[in-house]
Amino acid sequence: MTTPHDASWPAAEAEPAPAALTPADVADAARLVSFGLQAKLLPARDAEYAELVRRHREDPAFARLADAVATGLNLVVLEVSARAGMALAAAEESVFAVRMGDYSRRAASETTDRFLHGLAHLAVAAMAFPRPEDLADEGYLGRITVNGVDAFVRQACRRLEEQAELTGDNTDPSSDAPGLEAAWRVWARRSTTGATKDARRLSGSTIGITGKAVAFLVDSGFLQKASDDAGGTYRTTARYQLQVRDLAGSAAMAELIDLGVVPVTDGSATLLPADHSDELVADAGLPFHSL
Amino acid sequence: MTVIADQPAERELRPPAQGARPAPGPAADEGLARRLKALACTAPLHDLDNRKVNLAGEYGGYAMAEVGLAAIDLVTLHMDFDTGADREIVLARLLPRVAAQSPDRPGAEHQRVARWVLESLINVGSVDRGFRAVYGTFDADGGYVRRDYDFKLIEEVPGPDGGVYLRTTDEAVNVLVGALDTDVTSAQIAAEVKLEVLIRRGRLADAQLAAEQARYRTVQYAETLRRVLDATRRNVRAVDWMQAVPDLIDEALDHIADRYRHENAILTNIRRARDEAEEPSHKRQAAELVDIVKDCIRRHTQLQARLLEAGPLFRAEQDRQAFAAPTARSGIDLYGHLLAPVLRLPIEQAIRPTDAFFAHGAGLRTPTAVRVADLVDLLLTPPVEREHLGAELPDPDLVATPDDSRFSEAQLEAALDLLDLPPDAPRRLSGLLAEARRQDPELPYLVALLAVHAASPPVGTAYRQGEERLLFAVDDGATLADPEFGGADLIVGSALLDAVGMAADRKDAR
């Protein structure tokens with residue numbers, strides 16, 4: 001079902017089309033893209049959308065046309081299928097891309113806040129797909145809670161703090177070089193939550209930041225709210241899996257490798273410390289909490 | 001200090017002849033840093049008294065550092081394991097001390113002071129809601145480095161009901177409840193200091209709290225172990241049976257051994273308290289504590305039994321799962337490949353992968369495009385009345401229900417008047433009944449009910465709610481001679497509760 005994309009495909013437009021495409025076909029192709037832009041809409045909910053998705057699958061010429069429309073709009077087609085609809089992602093510099101400054105005003109000026117917001121998104125994805133096979137399995141539905149994500153990151157931070165203590169490192173950052181502060185400390189020292197005058201979440205707290213990320217992902221059609229338990233419980237959608245697996249994960253990984261950090265990949269990633277820590281943190285019931 | 005000159009030499013192989021140098025070396029530097037950190041933890045308290053002059057109004061009469069320390073004590077005593085201390089309870093308990101410091105000022109001001117102190121200790125104004133102190137150390141090359149030490153005294157945590165609760169941090173417990181020269185981040189020391197102080201001072205109620213908290217930790221160990229075993233049943237390789245789980249089991253066994261020691265200390269103390277206690281309430285408290293300690297020991301035994309089962313279960317599951325076919329995997333492990341390495345990086349580097357993840361993982365937004373023609377229309381349209389109130393509710397048809405209560409308000413008032421006895425003159429129930437019968441033939445029933453109810457008065461609740469007097473009834477064996485009622489001729493009286501004094505005692509004793 002996945003439509004493969006490589007850089008060479010626009011050349012296909014030059015090929016002679018078997019059947020002449022009419023302006024009506026172009027309108028249909030654009031209509032399919034516009035459905036794809038409505039991230040929360042699913043083909044199962046809209047007969048016209050379902051029909052266009054079916055046509056995309058069965059009519060290669062139409063598929064190429066629809067993909068061309070998307071590319072012209074600076075969009076990347078991740079998949080066209082009945083389960084995800086036309087899953088689109090904004091290419092860089094696209095008018096559809098979300099900029100951090102629009103996402104959070106504070107994040108535009110404060111490096112630490114920008115990092116915390118980005119990390120919250122990464123942590124949500126890591127909690128939603130804790131094992132590598134969860135990203136590969138198309139039937140997998142991730143489940144996260146806002147408090148759980150925060151607790152999960154805090155647990156990871158505490159682990160790093162303990163490791164630093166074992167090796168006797170002083171992790172307190174130098175006052176002259178705040179940029180050298182270890183990333184985990186930034187999350188750990190931010191308050192978890194806080195009382196506000198109007199009984200809303202304290203937006204600068206880590207739960208507030210995670211809550212914002214999750215609410216944003218709901219609007220992007222990546223998560224669906226399941227209940228209000230534990231700060232909000234959410235399920236993942238097929239689109240989120242595609243977005244994380246095909247785009248976000250590799251983009252972040254490329255940056256990481258560019259920084260010279262090469263995580264060990266031996267194919268059997270379950271043996272990394274990731275998984276047992278997931279088991280221990282799942283649902284914010286942290287062990288060994290102090291008095 | 002001579003540390004600067006000495007530091008580089010410290011890393012070389014030191015000839016034994018140089019052993020007698022006067023400079024203390026990096027270990028002393030570390031100790032100094034530790035004490036500087038401990039000292040920093042007290043700064044917010046001193047700061048309270050310095051900042052009180054900035055408050056609008058006359059606040060010179062309040063000892064803010066004392067109120068602050070009392071607030072930390074209150075939060076420490078009131079927090080339990082799964083949530084924390086309720087902010088309103090802490091504020092209410094703090095008020096008597098604030099009021100005692102400046103009794104002729106209005107109550108609203110006392111509340112304002114209590115709230116101000118608590119919010120200052122949380123440091124509500126800052127984005128991290130914490131404090132930062134700068135201290136200097138010498139790095140490995142002998143260079144002097146200023147470092148930021150971030151700490152919190154009281155932190156806000158989410159409760160299971162979605163509310164916000166307060167917890168004192170390990171730093172606050174170690175420095176401000178324990179002593180000054182301790183490792184300020186050790187949770188274990190914090191717990192032990194607390195318990196030992198409590199036992200040494202004979203604070204039974206608090207020792208009970210600590211024992212309950214230790215029991216909770218035992219439950220937590222059991223819960224963690226259960227989760228690990230569940231995970232093992234699903235996937236043996238998802239759980240680190242090489243290190244993490246053996247460590248967990250060792251830790252839990254140490255915890256059990258340790259708790260046996262502490263609970264024996266508590267038991268010794270209870271026995272002494274019980275033997276020396278004259279008052280029945282103290283004896284009862286001691287007896288309750290025995291029950292709790294017994295339950296603790298029972299849970300420790302239970303945990304120990306489960307710990308013994310863990311090994312065999314692992315071996316059985318390993319045998320069963322070793323033959324399962326491997327599943328397909330995708331290339332990327334979000335935690336192991338991305339999140340964990342990112343957290344290790346310095347923030348100026350870590351921001352690049354997180355920015356990339358955000359840019360590609362947050363989804364897309366369709367920008368709003370407005371035509372000028374629409375804009376004019378839009379701006380000229382009168383605002384729509386917002387229907388946030390929803391549809392109009394139909395007026396409910398109310399039917400007056402007959403008042404079927406047996407006693408009227410006036411009767412209740414009369415009965416309470418009758419039972420409003422002076423604390424030094426308790427009365428027999430028979431006399432009260434006779435007097436009630438003279439006022440109203442129905443009244444004796446109500447008086448009898450209230451008297452029977454007072455036979456087992458909720459002292460603890462009344463004390464917690466800060467009530468000043470409490471009705472009680474005691475059976476001394478006399479038989480009631482009354483035409484309508486039978487049973488014991490109770491002695492009914494009212495007891496004065498020194499709620500304020502008791503709350504103050506509680507704090508002074510610490």
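1. **Ground rules.** This is a predicted model, in which local features need pLDDT of at least 70, side-chain atom pairs count only at pLDDT 80 or more, and totals for chains, interfaces and linings use all residues. Residues are numbered from 1 along each chain as its sequence is written, while chains are lettered from A and ligands numbered from 1 in the order in which they are written.

2. **Confidence.** The predictor assigns the complex an ipTM of 0.81 and a pTM of 0.55. Chain B has a mean pLDDT of 75, with 75% of its residues at 70 or more; pLDDT is the predictor's confidence in each residue, from 0 to 100. Please read residues 1-24 of chain B with care: their pLDDT stays under 50, and the model has 18 contacts for them beyond four places in sequence. A contact here means that the C-beta atoms of two residues, placed from the backbone, lie within 7 Å. Residues 179-185 of chain B also have pLDDT below 50, with 16 contacts beyond near neighbours in sequence.

3. **Where the chains meet.** Chain A brings 91 residues to the contact and chain B brings 77. On the chain B side, the elements giving two or more residues include β1 (131-138), α8 (204-234) and α12. Helices (H or I, at least four residues) and strands (E, at least two) are DSSP runs, numbered from the N terminus. The most comes from α12(B), with 15 residues. By class, the chain B side has 40 nonpolar, 15 polar and 22 charged residues. Ala, Val, Leu, Ile, Met, Phe, Trp, Tyr, Cys and Pro count as nonpolar, Asp, Glu, Lys and Arg as charged, and the others, Gly among them, as polar.

4. Helix α11 of chain A (residues 238-258) packs against helix α12 of chain B (residues 347-361) at about 160°, with the axes 8 Å apart. Axes are lines fitted to C-alpha atoms, for helices over the stretch in contact, and angles run from 0 to 180 degrees between N-to-C directions. The two helices are therefore roughly antiparallel, the term for angles over 145 degrees. Residues that meet here include Leu247(A) and Ala251(A) from α11(A), and Ala356(B) and Phe357(B) from α12(B). This contact has nine nonpolar, three polar and two charged residues.

5. **A helix pair within chain B.** The axes of α3(B) (residues 64-78) and α5(B) (residues 107-122) come within 10 Å and cross at roughly 70°. These helices are therefore roughly perpendicular to each other, a label for 65 to 115 degrees. Among the residues that meet are Val67(B) and Ala71(B) in α3(B), with Val117(B) and Leu121(B) in α5(B). Nine residues of this contact are nonpolar, one is polar and none is charged.

6. **The chain A sheet.** Three strands of chain A form an open sheet, ordered β3-β5-β4, with antiparallel pairing; strands pair if DSSP finds at least two bridges between them. At the edges are β3 (143-145) and β4 (223-227). Four bridges link β4(A) to β5(A) (residues 233-236), and Gln224(A) has Arg235(A) as its bridge partner.

7. **The chain B sheet.** Chain B has an open, antiparallel sheet of three strands in the order β5-β7-β6. Two bridges join β5(B) to β7(B) (residues 491-496), where Arg427(B) stands opposite Val492(B).

Note on methods
Angles under 35 degrees count as roughly parallel, over 145 as roughly antiparallel, 65 to 115 as roughly perpendicular and the rest as oblique.
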